[in-house]
Amino acid sequence: MPSAPSGPLSVPAWMTPHNLLRASVGVALLTIVLKTLAWWVSGSVGLLSDALESFVNLAGAMFALAMVTIARRPADEDHPYGHHKAEYFSSGFEGILIVGASIAILWAAMLRLMHPQPLEQLGWGMGLSLLSTACNGLLAWGMLRAAQVHRSLALEGDARHLMTDVWTSIGVVGGLLAAGATGWLWLDPLVAIAVALNILREGGVLIWRASQGLMDEAMEPSLLARVFTVLGEHNHASAGVVYFDSLTSRRAGARNYVDLHMHVPAHWTLGHAAEQRTAVEQALMQAVPGLRATIELLPEGQATVFETAEAAAPGGTGT
């Protein structure tokens, strides 16, 4: 998930996840044309590997756009917690596509390594590749900034994939320059193999992150620290008579959730306890925008039935 910005960060109003992912689809189509032409005029398997990855960019951007659209849907009867986790499917799907593309690139590179072929019109090929690289780099930079502002995992995943594509293209051009300068044709497929291994790693990372999100990964440590700070302040302000325990957290796309118990003196009225809980909820939402907090009120010293049963179970904290 995108990390919380360390300082004030903003982007123009039009740079929403939807608009940027639409732009990503358009740029992917443009780079497919440019990189395919670069491979066609040069015959470089390195540029072919770069062009194949652009097809992955296109599929990933289209799927990410679909998942962001679903994630924006409000909660309904079938999905009372909303549709925020849809963004994780985007990362997982894009990761699978990247792994498939890397295998195809490895196969083509190994064939070219065993049967080297002369390279032609490298100037045009590298020029077209660098033009598409500039387009990807500019878009990725804007998407990364917007991903922090909007806390969009799908947007960040697509942006990081584009940045991988940028460095891949730079590596391919470097390999072509070396092959052209030395006459060592094996440098071209060797660079393609390095490209394939690099994007294979990127695909694995995206799949892993998606799996962790779908398994209800805890909130980021920096955001969780803000929650504990707020709770500590309220505990201190009440001179210790109000305290909190049994806190659990999870995140789903751009939304964060916490569940906890708030213990209050047994003689307090329900209305007064509810007022204090409201104050805590407001403070938590100010500290972590978009946070959904579920706070259960309990008299001091009392545990829930679930906690009592869990403590008494084999391996629990009870005896």
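H261 stands opposite E296 in strand 3. The model is predicted: local features need pLDDT of at least 70 and side-chain atom pairs count only at pLDDT 80 or more, while totals for chains, interfaces and linings use all residues. Residues are numbered from 1 along each chain as its sequence is written, and side-chain values use heavy atoms, with hydrogens and water left out.

**H261**
- H261 belongs to strand 2 (residues 255–264); strands are DSSP runs of E of at least two residues, and helices are runs of H or I of at least four, numbered from the N terminus.
- H261 counts as buried because its relative accessibility is 9% (buried: under 20% relative accessible area, 1.4 Å probe, protein chains only).
- The H261 side chain makes polar contacts with the side chains of S246, at 3.4 Å, and E296, at 3.3 Å (N or O atoms within 3.5 Å; within protein, one able to donate a hydrogen and the other to accept it, and residues adjacent in sequence count only if both atoms are side-chain atoms).

- Three strands form an open sheet of 3 strands in the order 1-2-3, with mixed pairing (at least two DSSP bridges per pair).
- Strand 1 (243–252) and strand 3 (291–299) are the edges, each with a single partner strand, so one side of each lacks a neighbour in the sheet.
- Strand 2 and strand 3 are paired in the parallel sense over 9 bridges.

**Helix 7**
- Helix 7 lies across strand 1, strand 2 and strand 3 (contact: heavy atoms within 4.5 Å).

Methods:
Buried < 20%, exposed > 50% of the residue type's maximum accessible area, 1.4 Å probe, protein only. Axes fitted to C-alpha atoms, helices over the stretch in contact; angles between N-to-C directions.
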